[in-house]
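This report looks at how parts of one protein chain pack together. Please look through the sequence and the structure before reading on.

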Amino acid sequence: MHVLVVYAHPSRRSFNGALLDAVIEEVNSLGHTIEVSDLYAEGFNACGGPQDFIELQEPAQFHYQSEQKSAALSDNFVPEIAREQARLRRADLLILQFPLWWGGVPAILKGWFDRVATYGVAYADGMRFESGLFKGRRSLVSVTTGGTPARFSEAGDYGPIEKVLWPVQQLFLGYLGFARVPPQVAWAVARVEDEARREAVSALRLRVRELLEAPYQRRELPTPQALLAAVGNRDWRHKG
């Protein structure tokens, strides 16, 4: 299997960096392949918009999804996005590694969702959730928190972590068709002892091993041209 880790932390020397190192070591030890999108290190731009395209098809009335469709058909994405789209489409297992900030993903990771998982490349009409393009491929959300498990409970101030991560699990990974498993959470990492951190690293290694060793049959993705030909044309320009 081929693994993509999207890493969204500004420091590789952080605990998130230690978790990333553990994933890389585990994947390599099992004889699989891996690549990493280190968003901060690569200077990924979090803001989507006209700059995502080499040339706009309709510069007088910019419509993001329409421009994405045109770019998918004509290879009109700027190199930064085209690179990340290729990485996403190669992945049999997609791992998102990030710290929880203000109840959500860091802005740079949300920008990766917005700019990379585009219409015509990652989804199309009628190809969402159970019919998603990435159906059968696997995913794992690996997150660190500042709060304790008690804070992320029904009685806690933050609510259950499953609800906090719902937009990522259901409305991104699920929307694209990825198979999902419960998130891997390293709790209150700034407040715990080294032994707890070591246990968190070991737990993540185990989750990755389980995902890689379970039976898997790769299904090739259609090209954007074939995908859009199958779903036909649609014009959203007057719909927001």
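W102 is exposed, with a relative accessible area of 91%. The model is a predicted one. W102 sits in the loop between β3 and α4, and the phi of W102 is near 50°, a positive value in a residue other than glycine. Most residues other than glycine have a negative phi. A188 also has a positive phi, near 45°, and A188 is found in the loop between β5 and α7. Is A188 buried or exposed? A188 is buried, because its relative accessible area is 3% and buried means under 20%.

**Nonpolar cores**

In soluble globular proteins, nonpolar side chains tend to be buried together. Here the largest nonpolar core has 46 residues. Within this core, L94, L96, F98, L109 and W112 have the most contacts. Helix α4, which covers residues 107–116, gives the most to the core, with 5 residues. Leaving out residues up to four places away in sequence, L109 touches V6, A8, L39, L96 and F98. Another core, of 21 residues, lies apart from the largest one, and V23, A186, V189 and V208 are among its residues.

**Helix α1 and its surroundings**

Helix α1 has 15 residues. From its first C-alpha to its last, α1 reaches 21 Å, close to the 21 Å expected at 1.5 Å a residue. Which residues of α1 are buried? They are F15, N16, G17, L19, L20, A22, V23, E26 and V27. The elements that cover these buried residues include the strands β1 (2–7), β2 (33–38), β3 (93–99), β4 (138–144) and β5 (184–186), as well as helix α7.

**Helix α1 against helix α7**

Two packed helices are described by the angle between their axes and the distance between the axes. For α1 (residues 15–29) and α7 (residues 194–213), the axes come within 9 Å and cross at roughly 35°. The crossing of α1 with α7 is right-handed. On the α1 side, the residues that meet α7 are F15, L19, A22, V23, E25, E26 and V27. On the α7 side, they are R197, A200, V201, L204, R205, V208, R209 and L212. By class, this contact has 10 nonpolar, no polar and 5 charged residues.

Note on methods: Residues numbered from 1 in each chain as written. Predicted model: local features only at pLDDT ≥ 70, side-chain atom pairs only at ≥ 80, totals over all residues. Heavy atoms only, no water. Core = buried A, V, L, I, M, F, W, Y, C linked by side-chain atoms within 4.5 Å. Buried < 20%, exposed > 50% of the residue type's maximum accessible area, 1.4 Å probe, protein only. Helix = DSSP H or I, 4+ residues; strand = E, 2+ residues; numbered from the N terminus. Contact = heavy atoms within 4.5 Å. Axes fitted to C-alpha atoms, helices over the stretch in contact; angles between N-to-C directions. Left-handed = near helix turned anticlockwise from the far one by under 90°. Nonpolar A, V, L, I, M, F, W, Y, C, P; charged D, E, K, R; others polar. Expected span 1.5 Å × (residues − 1).
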